[in-house]
Amino acid sequence: MADTLEMIGKEKLLALLRNMLTIRRTEEQVVKLYAAGKVYGGVHTYIGEEAVATGVCAHLRKEDPVFSTHRGHGHALSKGVTPREIIAEILGRVTGCSGGRGGSMHMFKPEVGFMGSSGIVGPCIGLAAGTAYSAKLLKLDRVGVAFFGDGASNNGLFHEAINMSSAWGLPVVFVCENNMYATEVPFAKVAKVQDVAARAQSYGLPGVVVDGNDVVAVYQAAGEAVRRARAGEGPTLLECKTYRIRAHSEGMRDAGYRTADEIAAWKGRDPIKAFQARVVDSGVASQAELEQIDAEVKATAEEAVTFALNSPMPEPASVTAHVYSVE
Amino acid sequence: MREMTFVDAAREGLAEEMARDASIFVVGEGIGARGGNFNTTVGLYDLYGEQRLRDTPISERGFTSMCVGAAATGARPVIDFMFIDFMTDAFGEMFNQMAKLQWMSSGRLKMPVVVRGCVGVGPSNAAHHSGNYSPFFMHIPGFHVVMPTTPADAKGLMKTAIRSDDPVLFLEHKNLLPLKGPVPDGEHLVPLGKAAIAREGKDVTLVGIAFMVKQALAAADQLAKDGISAEVIDPRSLAPLDIDTVLASVHKTGRLLVVDEDFAPCGAAAEIATQVMERGFDDLDAPVKRLNGLFCPAPYSPALMQNLLPTPPTIVQAVRDLLAE
């Protein structure tokens, strides 16, 4: 185990930690803003699932397009969208990454390869496959990535796009964040086979199951999937088993479909705390070093709130701009 | 000038653009070596190969979504649905992604996709191979919709559609595909949003949609024998709609009949009539009239098709009624 950490190296390990903390601390601010009534629309947090986006995106370059979900803050932050741009977007400001057009569910920053979170479950799978098709056609060294949940895996597009990607050897990684519930419908009640990755066999691509709360495990599995894609060896379906700690959506009643014991058990497997302990125990970094990182990240998240609250609203007349490429 | 069929002219436009721009690729069922059910891609596979003429599984939603992803990242896909009815399985991807990504990304993503497919009620084509659907897309911000009716416009609008950075629905009426007409040599582009006056006249304006332009022209021939001079307008683009050309005609004639084989409620004719009433009310000597296909799915038996669609005689009668107002 210590060998694994050694192989990854201190710098990368601390970068993984910093990224997970950036997601957590930014979303904690969002939760507070929501509770204070400052958020206009729906917000889905990624708290508890940070290891997935972190471990995958650590292998991506700016030009590798990532297509995300309704629970997309973590993907956006991992791809290089800033806490300022995230919080400003959620507060409907012109300084948000979508200029206030989208809010939590419609974040875009193609400049860093973040191709959008989405209010519809599933499309990211086909879009990532398509970006891989264009990469191959245009001979660009680019890997497409789709993040999606267990919910999307029961959508027809999952099967159609993965089948075509495999048939045509496209450079794409399909990352299923299996958090066990599609909104509030348990995966166990709507699928006979509990491993989404097992479906890969039907389409002739590797299907890998990994502990989605273990950032090192995700990092290693994603590294192989991205390497394969880049080398022209085709797509991979990577299933990360994880858990959403908060309600499906902020302000939503979180009862009747899962137990308090289950939530408590998964809280005990917090990906950030587990990784911090591992880093300290293995002697990679000291507790003080980790606290220093957390303090910096917290300050950045808090400053992002101030920035967002002080940012102007978008111009009302701009709402009809960009319906077409030429006005 | 050369004479060629509608389908050959559209294919020539596609072939010229594919030669010019290597980022263009076509997807569809049987559009590869076979050349397309309607011969839309005959000969292109030999020139450009599998990567650019991609035969797909019957996964309309899947390949449409993939084309959206490809278009957002530098490629220029042409989706060949064969029959436009098959597009309905992909409607969510078209409505929620293709049409909205430019707006949602504040113009940072482009969406150069051409969606083509045959429309129209054909003989005994029945309920699943006869759709028109153009009003669906006129209703959605983000789409252009073109319905050329001549071979020259088929070529010119195909080339313009491919060069557009916006999604363009290129709808081809089945009855028009084999019809021949003159097509200019060399580079020929037809702008989006520009109607054509198919026949000049002074007593009444007929706006035809797709194949109904031909039917309206036949009706105009008939009316001319009785000394009635009908002007026939072919909008060519339904979105954007060139209402100015219609208004200028109505200014001259004072009377407007819109003929569309598609359904009346919320259709192209409803939109044209409303815009003319909003902006050309003072020019109207009679209420705007529309003539549509019956409000039911398309049937199989020839007997059931008898009264389904506007025909030259029913158009002639509608014009007489309009002139009697």
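B:Val146 stands opposite B:Ser237 in strand E12 of chain B, and the two strands concerned, E6 (residues 144-146) and E12 of chain B, pair in the antiparallel sense over two bridges. Strands are counted as paired here if DSSP finds at least two bridges between them, while helices (H or I, at least four residues) and strands (E, at least two) are DSSP runs numbered from the N terminus. This is a predicted model, in which local features need pLDDT of at least 70 and side-chain atom pairs count only at pLDDT 80 or more, whereas totals for chains, interfaces and linings use all residues. Residues are numbered from 1 along each chain as its sequence is written, and chains are lettered from A and ligands numbered from 1 in the order in which they are written.

**The sheet of chain B**

- Seven strands of chain B form an open sheet with mixed pairing, in the order E3-E2-E4-E5-E7-E6-E12.
- Strand E3 (53-55) and strand E12 (237-239) of chain B stand at the edges with a single partner strand each, so one side of each is left without a neighbour in the sheet.
- From one strand to the next the twist averages 20°.
- Helix H2 (residues 44-52) of chain B lies across strand E2 (24-28) and E3 of chain B, and runs at about 65° to E3(B); axes are lines fitted to C-alpha atoms, for helices over the stretch in contact, and angles run from 0 to 180 degrees between N-to-C directions.

**The two domains of chain B**

- Chain B is divided into domain 1 (2-183) and domain 2 (196-324), with bounds that come from an automatic or database domain assignment.
- The C-alpha centres of domain 1 and domain 2 of chain B lie 26 Å apart, and the contact takes 26 residues from domain 1 and 25 residues from domain 2; residues are in contact if their C-beta atoms, placed from the backbone, lie within 7 Å.
- On the side of domain 1 of chain B that touches domain 2, the elements that give two or more residues are helix H6 (134-138), E6, helix H7 (151-163) and strand E7 (168-173) of chain B, and H6(B) gives the most, with four residues.
- By class, that side of domain 1 of chain B has 15 nonpolar, ten polar and one charged residues, where Ala, Val, Leu, Ile, Met, Phe, Trp, Tyr, Cys and Pro count as nonpolar, Asp, Glu, Lys and Arg as charged, and the others, Gly among them, as polar.

**The contact between the chains**

- The contact takes 34 residues from chain B and 32 residues from chain A.
- Helix H3 (60-71), helix H4 (91-98) and helix H5 (101-104) of chain B each supply at least two residues of the side that touches chain A, and the largest share, nine residues, comes from H3(B).
- The side of chain B that touches chain A has 13 nonpolar, 15 polar and six charged residues.

**The sheet of chain A**

- Five strands of chain A form an open sheet with parallel pairing, in the order E1-E2-E3-E7-E6, and the edge strands, E1 (66-67) and E6 (207-211) of chain A, each pair on one side only.
- E6(A) and strand E7 (residues 236-241) of chain A pair in the parallel sense over five bridges, with A:Val210 opposite A:Cys240 in E7(A).
- Helix H3(A) lies across E1, strand E2 (144-149), strand E3 (172-178) and E7 of chain A, running at about 165° to E3(A).

**Helix packing in chain A**

- The axes of helix H2 (residues 10-35) and helix H3 (residues 50-57) of chain A come within 9 Å and cross at roughly 135°, and H2(A) and H3(A) are therefore oblique to each other, given that angles under 35 degrees count as roughly parallel, over 145 as roughly antiparallel, 65 to 115 as roughly perpendicular and the rest as oblique.
- The residues of the contact of H2(A) with H3(A) divide into five nonpolar, two polar and two charged.
- The axes of H3(A) and helix H10 (residues 215-230) of chain A come within 8 Å and cross at roughly 35°, and the contact of H3(A) with H10(A) has seven nonpolar, two polar and no charged residues.
- H2(A) and helix H13 (residues 287-309) of chain A pack at an angle of about 40° with their axes 9 Å apart, which makes H2(A) oblique to H13(A).
- The contact of H2(A) with H13(A) has ten nonpolar, three polar and five charged residues.

Terms used
Two residues are in contact if their C-beta atoms, placed from the backbone, lie within 7 Å.
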